[in-house]
Amino acid sequence: MKKLYCFDFDGTLTYKDTMFMYLKFYDSAKFRVQFIRHIPLFILLKLKLAETEKVKKSFIGSILKGQTQEKIEKKAKQFFEENYPKIVRENAMDFIQNIDRDNTQSLLVTASLDIWTKPFAEALQMQLVSTRAEFKNGVFTGNFIGKNCNGNEKLMRIKEEISNSKYDKIIAFGDTSGDKQMLKWANEGHYQFFH
């Protein structure tokens, strides 16, 4: 029986949101300043008066834009080494370790950036489907390649990733409204399963 597992990352497999964690880890002084500057935007976001993608780009860009890919990836590796596996929920880790790898494809599907989620996907032996950071001449532009990987985009990107592969069962795990489409599409959609 061939299965496809689709795991959301932040909040589903982890205890915390890795975007804030990584940006703070990257440059805590800059993070504090930019976090305060972005509070009005975060409030508008909560009130659904601002676009998630725009706010996210602005906040991530305010800390990482203009930084070299080499430095960003080095910091991402250090961030991973410092936080894995302790930020991953124990029962999620147990579940993943017991996956029958011969008959299963596993995707880590996240709105977080590939910058810091790639080492986690590799450690969990999953293919990464994420929001992609744009680099030009080895420098982060502050932009994304394509859209923020959330909601409908998440589902579209999963379908792209698996293209014409056939599965007997598709099982998805998520914890927010951004996972709704993915959970609905799967044969089995589990909401906050590891909480």
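This is a predicted model: local features need pLDDT of at least 70, side-chain atom pairs count only at pLDDT 80 or more; totals for chains, interfaces and linings use all residues.
Trainee: At what angle do helix α2 and helix α3 pack, and are they roughly parallel or roughly antiparallel?

Mentor: Helix α2 covers residues 28-46 and helix α3 covers residues 52-64, with their axes 10 Å apart. The angle between them is about 170 degrees. Angles over 145 degrees count as roughly antiparallel, so α2 and α3 are roughly antiparallel.

Trainee: How many residues in the contact of α2 with α3 are charged?

Mentor: On the α2 side the contact includes K30, F31, Q34 and F35, and on the α3 side it includes T52, V55 and S58. The residues of this contact divide into 8 nonpolar and 5 polar, and the number charged is 1.

Trainee: Which word describes the arrangement of α4 and α6: oblique or roughly parallel?

Mentor: Helix α4 (residues 69-83) and helix α6 (residues 114-123) have axes 8 Å apart and pack at an angle of about 50 degrees. Roughly parallel would need an angle under 35 degrees, and roughly perpendicular would need 65 to 115. The two helices α4 and α6 are therefore oblique.

Trainee: Is the crossing of α4 and α6 left-handed or right-handed, and how many nonpolar residues are in the contact?

Mentor: The crossing of α4 and α6 is right-handed. I72, A76, F79 and F80 of α4 meet I115, W116, P119, F120 and A123 of α6.

Trainee: Is M126 buried or exposed?

Mentor: M126 is found in the loop between α6 and β3. Leaving out residues up to four places away in sequence, M126 touches F7, L13, I96, S106, L107, L108 and A121. Its relative accessible area is 7%, and buried means under 20%, so M126 is buried.

Trainee: How far apart in space are M126 and I96?

Mentor: I96 is one of the residues that M126 touches. In sequence the two are 30 residues apart. From C-alpha to C-alpha, M126 and I96 are separated in space by 9.7 Å.

Trainee: Which residues touch the most other members of the largest nonpolar core?

Mentor: In soluble globular proteins, nonpolar side chains tend to be buried together. Here the largest nonpolar core has 40 residues. One of its members, L23, is in contact with F31, F59, I60, I63 and L64, leaving aside neighbours within four places in sequence. The residues touching the most other members are F7, L13, Y22, L23, I60, L64 and W116.

Notes: Residues are numbered from 1 along each chain as its sequence is written. Side-chain values use heavy atoms; hydrogens and water are left out. Axes are lines fitted to C-alpha atoms, for helices over the stretch in contact, and angles run from 0 to 180 degrees between N-to-C directions. Helices (H or I, at least four residues) and strands (E, at least two) are DSSP runs, numbered from the N terminus. A crossing is left-handed if the near helix is turned anticlockwise from the far one by less than a right angle, and right-handed if clockwise. Contact means heavy atoms within 4.5 Å. Ala, Val, Leu, Ile, Met, Phe, Trp, Tyr, Cys and Pro count as nonpolar, Asp, Glu, Lys and Arg as charged, and the others, Gly among them, as polar. Buried means under 20% relative accessible area, exposed over 50%, partly exposed in between (1.4 Å probe, protein chains only). A nonpolar core is a set of buried Ala, Val, Leu, Ile, Met, Phe, Trp, Tyr and Cys residues joined through side-chain atoms within 4.5 Å.
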